[in-house]
Structures are given as structure tokens and as C-alpha cells.
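Welcome! Here is a short tour of one protein structure, taken a region at a time.

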Amino acid sequence: MAKLRRLARGADAPFRAAVAGGEPTPLEAYGEELAEAEAVVVEPGTDRLRAVPVGAPAPSAFTAFLDGIQRSTVALYHGPVPIVYAYAAAVVRTRRARRMATLAGAGADGLRTRYQEEREGVFFPFRLVEPAAVAAAGVAAVALRDTSPPDGEPLPLFPPALYARAAQAVNRWRESLEGALADRWCREAEEGWLLVDGSLTLTKELAAAPRAVGVIKSHRTRFFDGDDARTLLALEVGERSSIFQPKTRSFTPVYSWYLRLRSPAGRDALWGLVRVEAAATAATLERADEISRWLLAETAPLSLPDKRWDRLLYPIRDCEEYLRTRAPNI
């Protein structure tokens, strides 16, 4: 970030700093859209969503937890083109005797290495700004990320569209770090279960992993409407929906279901509601209630003071807090 700011020094500099009497422009507000997708109920005995009580919380079998963070902001402008600085990191934490620590394993050289990745990058469309002009700040070529669309596709000189393209690229970049750690865990872990913050469809290997579960806290994709939607929104604490298969995941198929972690009484209909993903196997159909009971057990202790405490499981919050202590201020 400091290197980029040097490019804005001097009255004749082709770059100008993004902070001019105000706060840096964060990218998190761009690139997130509501979507609709088809899904088919796969749970035997029904072709519609229904509420299924899963029973009381049971001791969790989860031993490893994966999460990532990202921070991004517009650092410079080259004319109207935003130059985005981003930081991303991911980690797998493990729990033993109720204590959390960063997971470590044997690397390719036989040495112990931690399940942790972090990167810095600079995102902008190479079509509109010459990469060498940014590299002149001392930024390594490997850190420069092109947000131009494929050749032949137009690239409008429209700042909101450029913000959105950068935000989407940063999201994919952070997901690539998470996916690399997830695949490593799948290859190396001989026992235990991995709980992933977000979708399992980061990689094909993770989506098929028999001992991995993903928990999606946000609800930006609508799979059901009408009576099915009323059923899932009316779930009580400790109830799950029927298991279904999202049809958007043809290359990384998974099974999914909704689970109510906390009572929505007096709250928004999405309060305490998460969507769970697991491998698209017969074993998942058999163990959905058991997995749900593990997730209910992970709701204690509370993830306060985080505003998402109704859906944020404490071990995932631990991963986030660990990563935030290492992240640079931007």
C-alpha cells in the first residue's frame, strides 16, 4: 500500500491518491448480487421441503476449521481507473482439549508447515493501465492482477463496473487461498472432520470430501419459493429442511440443507438460519441429522460481540480473529 502511494507524489504524477479528504473506498460493497438457482429435493420419501427435527445437540466431531479474510480498497486512480490494493489470508485452525491452534503438517520437504496462507495484490485492468506504470512503485510482477475481461469482450470505462470487476477478482483470489488449504487438508488429514466457513465448492476435491462440511451464513441465492420457502423460513431452532441438491453445481455437486441454529422468535425470518453443504453421497443422506447436531453444539460459546453471532460458529470466529491480528491496516 505504501509503495503504491509513492506513485501519486508530484503535481505531474499520472496517478492520484484515492484518499483526498475522505476515507479509502472499500470494495466489499461491490460484486455481491442476489441470485436465483434451481434445486431438487433428494431426501428419500419426499419431493418437497419439510421440517425435520434433528434432536438435541451432540458432542461435535469437527476437529479442524477453515476460514479466510480479505481487505481491499482503492489505493490510487489513474485518470478515472481505480487501482485496487487487496490483502487476503486463509487458515485452518485445529481444536484439541478445547484449545484452538493453527494446524500444522509435513510439507513436501518433510518439514512442519502451518496451514496458513496470506497474499497482497494490486488489481486493475491491464487494458486501461500499463502494468509497468504500477510496477514502477516496486510492486512485484506476481502481485499485479489483471481485471480485464477475456479478449473480445468490451471493457466499459465506467467506474462502478470497474469496482465490481475488481471486487469479484479479489473474492476469487481469496477463495483460491482457501481452496488450496482445503485441498491440502483433504490430502493429508487421516482422521477428523473439517468445518468450512462457506461453500464446499471451492474445489472439486473439497466438494467430494467425505469428512468436510460447509456452512453458508449469507443468503444471497434463492433456491425455493412458494410453499417450500415458507417451510424453510418457518424452521424452528433444532430443525433442518429436507436435503436438496443445488443444480448450479454441475462440476462440484454437493448436497445441502437449511438448519436453524437459534430461535427466530421476535426476529427476522433469517435469524439463526444457515445453509449446510456436504458431499453428494448416500452417507450424507444418512448422517444429515448427526451433522446438524454437531453444528448445534458449535453454537456455544457465543460469538459475541460479532454482529453475526446468530450464525457465526465460535471456532470460525476464532479463525477470523486470528487472521485479523495479522492483517495490515489499510
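Let us begin with Arg 98, which is found in the loop between strand 7 and strand 8. Helices (H or I, at least four residues) and strands (E, at least two) are DSSP runs, numbered from the N terminus. Ala 97 lies in this loop too, with strand 7 covering 81-96 and strand 8 covering 99-102. Neither residue is a glycine, yet Ala 97 has a positive phi of about 50 degrees and Arg 98 has a positive phi of about 65 degrees. Arg 98 is exposed, with a relative accessible area of 80%, and Ala 97 counts as exposed at 72%. Here buried means under 20% relative accessible area, exposed means over 50%, and partly exposed is in between (1.4 Å probe, protein chains only).

A word on the background: this is a predicted model, in which local features need pLDDT of at least 70, side-chain atom pairs count only at pLDDT 80 or more, and totals for chains, interfaces and linings use all residues. Residues are numbered from 1 along each chain as its sequence is written, and side-chain values use heavy atoms, with hydrogens and water left out.

## Leu 194 in strand 13

Now move to Leu 194, whose place is in strand 13. With 0% relative accessibility, Leu 194 counts as buried. Which residues does Leu 194 touch, not counting those up to four places away in sequence? They are Phe 62, Ala 64, Phe 65, Leu 66, Val 92, Trp 185, Leu 206, Arg 211, Ala 212 and Val 213, where contact means heavy atoms within 4.5 Å. Phe 65 is 129 residues from Leu 194 along the chain, but their C-alpha atoms are separated by 5.6 Å.

A cavity is found on a 1 Å grid over the protein atoms alone, as a set of points where a 1.4 Å probe fits but cannot get out; lining residues have an atom within 4 Å of a point. Grid points are joined across faces, edges and corners, and a volume is the space filled by probe spheres set on the points.

How many cavities of 30 Å³ or more does the count come to? The count is one, and the largest cavity has a volume of about 40 Å³. Its lining is made of Leu 195, Val 196, Asp 197, Val 215, Lys 217, Arg 311, Leu 312, Leu 313 and Ile 316. By class, that lining has six nonpolar, no polar and three charged residues. In this scheme Ala, Val, Leu, Ile, Met, Phe, Trp, Tyr, Cys and Pro count as nonpolar, Asp, Glu, Lys and Arg as charged, and the others, Gly among them, as polar.

Helix 5 (residues 226-233) has the buried residues Asp 228, Ala 229 and Leu 232. Seen down the helix axis, these buried residues fall within an arc of 100 degrees, so they line one face of helix 5; the arc is that of the directions from the helix axis to the C-beta atoms. They pack against strand 18 (254-260) and strand 19 (273-279). The face turned away from the buried side carries the exposed residues Asp 227 and Arg 230.

Leu 49 sits in the loop between strand 4 (39-41) and strand 5 (51-53). Is Leu 49 buried or exposed? Leu 49 is buried, with a relative accessible area of 6%. Leaving out residues up to four places away in sequence, Leu 49 touches several residues, among them Asp 228, Thr 231 and Leu 232.

## The loop between helix 6 and helix 7

Pro 301 is found in the loop between helix 6 (282-297) and helix 7 (314-326), and Pro 305 lies in that loop as well. The peptide bond from Ala 300 to Pro 301 is cis, with omega near 0 degrees. The bond from Leu 304 to Pro 305 is also cis, with omega near 10 degrees.

Glu 298 lies in the loop between helix 6 and helix 7 too. Glu 298 is buried, with a relative accessible area of 3%. Beyond residues up to four places away in sequence, Glu 298 touches Ser 60, Phe 62, Phe 65, Arg 95, Leu 313, Tyr 314 and Pro 315.

Technical notes
1 Å grid on protein atoms, 1.4 Å probe; cavity = no way out; pocket = protein on both sides within 12 Å on 5 of 7 lines; lining within 4 Å.
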